[in-house]
Amino acid sequence: MEVQLQELIEQIKKDGVAAGEEEAKTIVDAAKVKAEKIVADAQAQADKILADAKAENERITKSSEDAIRQAGRNLLISFRESVTREIKTITAENVTAVYSSDALAGLIIRVVEGWAKEPDAEDIAVILNTDDLKMLEETLLAALKVKMLKGITLRANDNFDGGFRIAVNNGSVYYDYSAEAVVDMLSNYLSPKVTKLLKEA
């Protein structure tokens, strides 16, 4: 009887230990799974933070590079516009100086002589603003008479400040040598030349 009791106690102990070990194994396995999930979640979170940081860094870098490129373009555009304005200002000063001097009469005479040689040019009229016409009328008429250029008339028109226009064939064709037109023409001619020089410098 005592032996059976001892065997029963041993069996109970054995079953209890086995059950305890099984339960412990289950707890350890569950803990291990949970720990692996925590590590995996942490790793995924860390990877996401790194990926987000990398993406943000790339965005900031690209944004900075774009801003630098745009600033460079703006600077070049501003410089080009500044050079164009300066060319126009210098050209306007020189054209104004020529057109407000005695050289204007000589220039008009040379242009009229050129037009008078054209076989189909008839009824040539030199158009000046009123002030220039008063100042140059006698000089121009005398010079044109000396050059035997007949049929040339002088007319006033105050739609432009300085310079002159040539009308041919009863005014059907106009050639604009006004200060504004000449400044525009010379500026448009000089701007690409200056740009080329700047590129070569």
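Here are some questions and answers about the sheet in this predicted model.

Q: In what order do the 4 strands of the open sheet stand?
A: Let's start with how the strands pair up: the pairing here is mixed. In general, strands of a sheet pair through backbone hydrogen bonds, either parallel or antiparallel. Reading across this open sheet, the order is S2-S1-S3-S4.

Q: Which strands stand at the edges?
A: Look for strands that have a single partner strand each. One side of each is left without a neighbour in the sheet, so these are the edge strands: S2 (153-156) and S4 (173-178).

Q: How much does the twist average from one strand to the next?
A: Picture stepping across the sheet in the order S2-S1-S3-S4. From one strand to the next, the twist averages 25°.

Q: Which residue in S3 stands opposite Ile 127?
A: Strand S1 (residues 125-128) runs antiparallel to strand S3 (residues 163-168), and 4 bridges join them. Ala 125 stands opposite Ala 167 in S3. As for Ile 127, the residue opposite in S3 is Arg 165.

Q: How many bridges do S3 and S4 pair over?
A: These two strands pair in the antiparallel sense. Here Val 168 stands opposite Val 173 in S4. The pairing of S3 and S4 runs over 6 bridges.

Q: How many of the 6 residues of S3 are buried?
A: Buried here means under 20% relative accessible area. S3 is mostly covered by that cut-off, and the number of buried residues is 5.

Terms used
Residues are numbered from 1 along each chain as its sequence is written. This is a predicted model: local features need pLDDT of at least 70, side-chain atom pairs count only at pLDDT 80 or more; totals for chains, interfaces and linings use all residues. Side-chain values use heavy atoms; hydrogens and water are left out. Two strands pair if DSSP finds at least two bridges between them. Axes are lines fitted to C-alpha atoms, for helices over the stretch in contact, and angles run from 0 to 180 degrees between N-to-C directions. Buried means under 20% relative accessible area, exposed over 50%, partly exposed in between (1.4 Å probe, protein chains only).
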